[in-house]
Amino acid sequence: MELRKDYFADQRKDDLHEIGQPRPRSDSPGHVTGKTAYFADRNFPGMLHLKMVRSPHHHARISSIDISEAEKYPGVVKVLTAKDVPHNVYTILILIQIGPEDETVLADGKVRWKGEAVVAVLAETERAAQEAAAKVKVDYEVLPAVFDMEEALKPGAPIVNEYHGQNYYLYDSGECRKVRFGDVEAGFAGADHILEQTYQSSPIEHAPTETTGCIVAPEGNDRFTCYTNTQAMFFTLDNASIILQMPGNKLHFVGGTVGGGFGGKVDVIVEPIAILGAKLTGRPVSFIYSRAEEMQISSPRAAEKVVIKDGVMKDGRIVARKVTGYTDAGAYSRHSPYGAQKGAGHYPGPYTIPNVWIDTYCVYTNRTPSSAMRGFGVTIGDFALEVQMDKLARLIGMDPLEFRFINAYRDGDMKAHRQPTEGAALIECMQEASRAANWPVAEKFMAMSSYAKGA
Amino acid sequence: MAKVPVQFTLNGAEKAEFIDSGTTLLHALRDKIGDTSPKGGCHQGTCGACSVIIDGELRLSCLTLAETCNGAAITTTSGLSKGGVLHPLQRAFLDAFATQCGFCTPGMIMAAKVLLDQTPNPSRDEVVEALSGNICRCTGYEPIIQAVLTAARSNSQNAA
Amino acid sequence: MALALQTFSTVKDANAALKSAGTRYLGGGTLVLRAANEGDVSVSSLIRATEPSLSAITVSGSDVRIGASVTMAAIARHPDLAPLAHAARAVGGPAIRNMATVGGNLFAPAPYGDFTVALLALDATVSIDGGEMPIETFLAERESNHAIVTAVGFTLQVDGGFRFLKVSRVKPKGVSVLSIAAMLEQAPDGTVSSARIGLGCMADRPMRAKAAEKALLGRKLTSSGIAPALAAAGDGSAPITDPIASAWYRNEVLPVHLGRLLLA
């Protein structure tokens, strides 16, 4: 690895002893010897196995749930429904005041996506739990479902989530997150060319090798230890505390070792119900997603749709950008209102554009709830933006890399959301990329600096 | 539930247990015997995290019933280091940064061990083929391939 | 009912046990245990037979007989079965090939069952319950079969004629977009005198491409010679749609890949 210390050399002391040096990972010896303890590597005597009865429908009213046969099934210790959950309606971001609570731990009266948890069965063996789960009878009245964001936003579309009352997240700014900077229509009017393009993506599953799960052990003093592979330890503890209406000091969370997460393990899904099961039975409880559950039930990256309209001058300057972004939250919020908001901040890209208009919508549909995944809210946006940049460069007959130099933000530039740019390094990165990829650009671009315009 | 006896050697040590008939080798190793180095990633034969070596052959312990392993010699990754000294494959995985979350690592090392036992100086393509039943979601595979090639080289140097 | 295994030393005794409800034969475990692990509770009793003939490969001249318990790895490394090694290696990764059996492959639902595609092109016979039946008949009725498959038999010319192609998005190990096997005989002038083509993923189980086979007869293996066969490649097919590919896509690419196999 080569560390280029000549960039921004005046901004730091050259006393880096660790950066740029290979150092053994502290966890590797455990990994290569098989000694690293993942949550599922614990085994407790008398441990129960939790299996979930899930909705076979995308959208349906539950007319009745009959658990009597399942409760009597050999090996079954407890069967849980919505009424067993102390605070059944929750939303994870309530911890940072992003409401309303809109999701059920176990479905109550309605299911809003195919695979939604309805009844939890706890049994002596996985097999007994699976067999008993098949004995749970749920009667559904199937409702019209909506899977497309634009369909969901049309008047008269089936309402996915009554806790919101409409099929979009209501921000304090209204039906979408908004960025308004300069006069975008005037910018378009003065542009040499206009290019409007639409970009779309499908949901993406993280597919970690270790599936989502936890093992909960009662400590015998009303305290519960939860071994979990969550990526969001205290988020999970605090949400479990709310859902279970238990003070946080009754919950001891042990984690930190995750067999692949990529953002897919930041939702609070398995822990509260497993802790509840342990509390109501007094027994250790294991709730581990099967591979099929991991692929179909755990939150994916949201499907997105991005409409970008740019006004560009023949000399390469982008003078106006209007973006409408749609994030498919699926049936529940989870982290998606935040993802859509991140998009709003991100859509101008790392470019200085004088006139910007951005609307980003967080839309509810009857699809699997989406949530965090590596740069959610910006990754798909970056794909769209950079494809758009290439198309713009082609439109005006300019080298795509030089086109980016012309528009790159530099220290002191005002961003569309009114944060002045500091610590920019895009120019320097592109200069290195130009050399590394043997993609030469004009000397004037190689002489540029992020420090200040005209430098 | 009918218990059945199983008896095999695990990393050279005799093991005998009474287990429920129908128990997979993965569960028997992890939950009865306490060797948690094989991991359950998919239980479908797709990810390879549960790979073990049975009588010299790479097998998936999640799709093998323990009671069919009577008399077998089973090797797992937890049995590779001897007296605190890492096996060359373990050393190479460590040095090449071939682990990240580590969940696939024990299975990868099993697949690599069978390869090197049968083909001490494999080509890169042979390494890729040998690891093709093991899924890693973190590393992008390249450091793992390099680790196996490095271990093969260090083996042949030691032998020389 | 918990899952339990019963082991019998003879096929006869195992067949008798298989007549009970909730039983299924355990071969290599890659289908049956996979289903049980994923929550299929329809099977509670697994039956297996350890009769040595089930694990035997017999080659006399061009006549081949492979016991149902023979694994893909055993086929791939058998010197007399070299023309089939490629097809055997198309199944799973190394560990799966050490477990998956010929008998099990006959029951594998699409997109699995690549080796059965090869057996179809070889016009194999399936030995079952003391009798034999053509593989096509067996495949058509396999759900109603409740006796143990003991072996498959076929004729294999060592000097060629057999071709196999598996198309997958991930290499070297990936699930099939489709697989194609062809057994061709050519007259001295190069024209095709006999053709059998097996297709995987073009229906819920491996199938023969009979229209394409017919269209190949009397034709040379050139672009123009095989054009009618390619045009008829998908006749009678009903491809599966799964996470790997849609039925539409499989239909579109089948002639492309069949063409590559025939011109190879």
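Where in chain C is C:Pro172 found? I began with this residue in the predicted model. I located C:Pro172 in the loop between β9 (162-168) and β10 (176-186) of chain C. I then examined its peptide bond: the link from C:Lys171 to C:Pro172 is cis, with omega near 5°.

I noted a cis peptide bond in chain A as well, joining A:Gly99 and A:Pro100, with omega about 0°. I placed A:Pro100 in the loop between β4 (89-90) and β5 (103-104) of chain A. For context, I recorded that most residues other than glycine have a negative phi, and most peptide bonds are trans.

I next looked up positive phi values. A:Ala207 is not a glycine, yet its phi is positive, about 50°. I found A:Ala207 in the loop between β10 (193-201) and β11 (213-218) of chain A. A:Ala207 counts as partly exposed because it has 19 C-beta neighbours inside 10 Å.

A:Asn438 also has a positive phi, near 55°. I traced A:Asn438 to the loop between α12 (426-436) and α13 (443-446) of chain A. A:Asn438 has 6 C-beta neighbours inside 10 Å and therefore counts as exposed.

I turned to a sheet of chain A. I read its 3 strands in the order β6-β2-β8, forming an open sheet with antiparallel pairing. Its edge strands are β6 (110-111) and β8 (137-142), each pairing on one side only. I counted 2 bridges between β2 (residues 60-66) and β6 of chain A; A:Ala60 has A:Val111 as its bridge partner in β6.

Lastly, I consulted the domain assignment of chain C, which gives domain 1 (4-49), domain 2 (53-155) and domain 3 (162-263). The C-alpha centres of domain 1 and domain 3 of chain C lie 34 Å apart.

Notes: Residues numbered from 1 in each chain as written. Chains lettered and ligands numbered in written order. Predicted model: local features only at pLDDT ≥ 70, side-chain atom pairs only at ≥ 80, totals over all residues. Pairing = 2+ DSSP bridges. Helix = DSSP H or I, 4+ residues; strand = E, 2+ residues; numbered from the N terminus. Domains from an automatic or database assignment. Buried ≥ 20, exposed ≤ 12 C-beta atoms within 10 Å, placed from the backbone.
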